[in-house]
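Subject: Structure handover

Hello,

Here is the structure for you to look over. My notes follow below it.

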Amino acid sequence: MESHVFGPVPSRRLGISLGVDVVPDRTCVFDCIYCQAGRTLTHTARRRAFFDTALILKQVRTALRKKRKLDYITFSGSGEPTLASNIGEVIRGIKMLTDTPVAVITNSSLMSRKTLQRDLLPADLLVPSLDAARQGTLRKINRPVEGIAVKDIIRGLIKFNEKFTGQMWLEIMLARGINDSPADVKALNKAIARIRPDRVQLNTVYRPPCEKYAKPIPDRAMGRIARQLAEGVPIEIIAPFKGKMDTHMVATREEVEALLKRRSCTIEDIAVSLGINKAEAIKHAEFLAATGKAQTLHHQSQLYYFVPS
């Protein structure tokens, strides 16, 4: 049976987060050049219920019984979660199971749709992306399906935030030479002022991207761009995860494999995510690599493990 729950995952934004995946592998409206999951396999803007709501909630309930420390339960994974037309049902179901806040990470591509806005209102936190405020730049960095317009994305975020009672943290992923020009930063600044998020989080290409030409922004340039963005909105530059988890848990090889299907991880990432010691993380990761279920790659002087589709 396919697992729709993974982690907990150490997040640079959300602390310790239990992941909920409600769409098939790499099913997305975008095909972002920096995506750590790899190239999009199913490029679509059609929403539908991919998996049974009751099954997803059953797996969330099972994960919660392990009593791990959680900061959020987060809809993320290897595709765009808002493509799931039953995401609202799942959010409401989770909130009946636990007081842990529910977060939704979205690329914002469908935020102009009123049905989606209604689905997301019960969430506690929305983390939408806006990597470009100009159509040409959107095509370069996010590579959307036909018919997706950046003006509609911005308008959708504005309308949603007018009625949303939770927090909105707007993320901007910057790639060197792609969306960091003065014109792009100026356009983003105008969009932020209209959307009025609770905070803006600047990110750059930290994990291995699907396109080698997606390069990180140097620290000094990140700081300069942060100073240029909207006044009156808190701006933060996202740093690598620094938190800790207990390491007395026991993880199965299947749990490690499920984690590596959603994101590439270092040994430290695996250990922190699953609450296991480093030796156990090495044992599972090296077994998966030796049997061909996982592969490795070097990025930014770090060794990452991942499970290819």
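Start at a strand pair: P10 stands opposite I16 in β2. V9 faces S17 of β2. The two strands, β1 and β2 (residues 15-20), pair in the antiparallel sense over five bridges. Pairing here requires that DSSP finds at least two bridges between two strands. Helices (H or I, at least four residues) and strands (E, at least two) are DSSP runs, numbered from the N terminus.

Before going further, the ground rules. This is a predicted model, where local features need pLDDT of at least 70 and side-chain atom pairs count only at pLDDT 80 or more, while totals for chains, interfaces and linings use all residues. Residues are numbered from 1 along each chain as its sequence is written, and side-chain values use heavy atoms, with hydrogens and water left out.

The sheet

Eight strands form an open sheet with mixed pairing, in the order β1-β2-β5-β6-β7-β8-β9-β10. β1 and β10 (235-237) are at the edges with a single partner strand each, so one side of each has no neighbour in the sheet. On average, neighbouring strands are turned by 25° against each other, direction ignored. Axes are lines fitted to C-alpha atoms, for helices over the stretch in contact, and angles run from 0 to 180 degrees between N-to-C directions.

β1 (residues 5-11) is mostly covered, with seven of its seven residues buried. Buried means under 20% relative accessible area, exposed over 50%, and partly exposed in between (1.4 Å probe, protein chains only).

Helix α7 (residues 219-228) packs on the sheet and touches β8 (167-174), β9 (199-204) and β10. Its direction makes about 155° with that of β9. Contact means heavy atoms within 4.5 Å. A221, M222, G223, I225 and A226 of α7 are buried. Their cover includes β8, α6, β9 and β10.

K190 lies in α6 (residues 182-195). K190 counts as exposed, at 54% relative accessibility. Its C-alpha atom is 8.6 Å from that of L229, 39 residues apart along the chain.

N86 sits in the loop between β5 (72-75) and α2 (87-97). Buried or exposed, N86? It is buried, because its relative accessible area is 4%. N86 touches A49, F51, D52 and T53, leaving aside residues up to four places away in sequence.

The cores

A nonpolar core is a set of buried Ala, Val, Leu, Ile, Met, Phe, Trp, Tyr and Cys residues joined through side-chain atoms within 4.5 Å. The largest has 73 residues, of which F75, I94, L120, L130, I195 and L202 touch the most other members. Contacts of L130 include V150, I153, I154, L170 and L188. A second, separate core of 18 residues includes V256, L260, I270 and L288.

α8 and α10

Helices α8 (residues 253-262) and α10 (residues 278-290) pack at about 70°, with their axes 10 Å apart. That makes α8 roughly perpendicular to α10, a label for angles of 65 to 115 degrees. R253, V256, E257 and L260 of α8 meet H284, F287 and L288 of α10. By class, this contact has four nonpolar, one polar and two charged residues. Ala, Val, Leu, Ile, Met, Phe, Trp, Tyr, Cys and Pro count as nonpolar, Asp, Glu, Lys and Arg as charged, and the others, Gly among them, as polar.

Best wishes

Conventions. Parallel < 35°, antiparallel > 145°, perpendicular 65-115°, else oblique.
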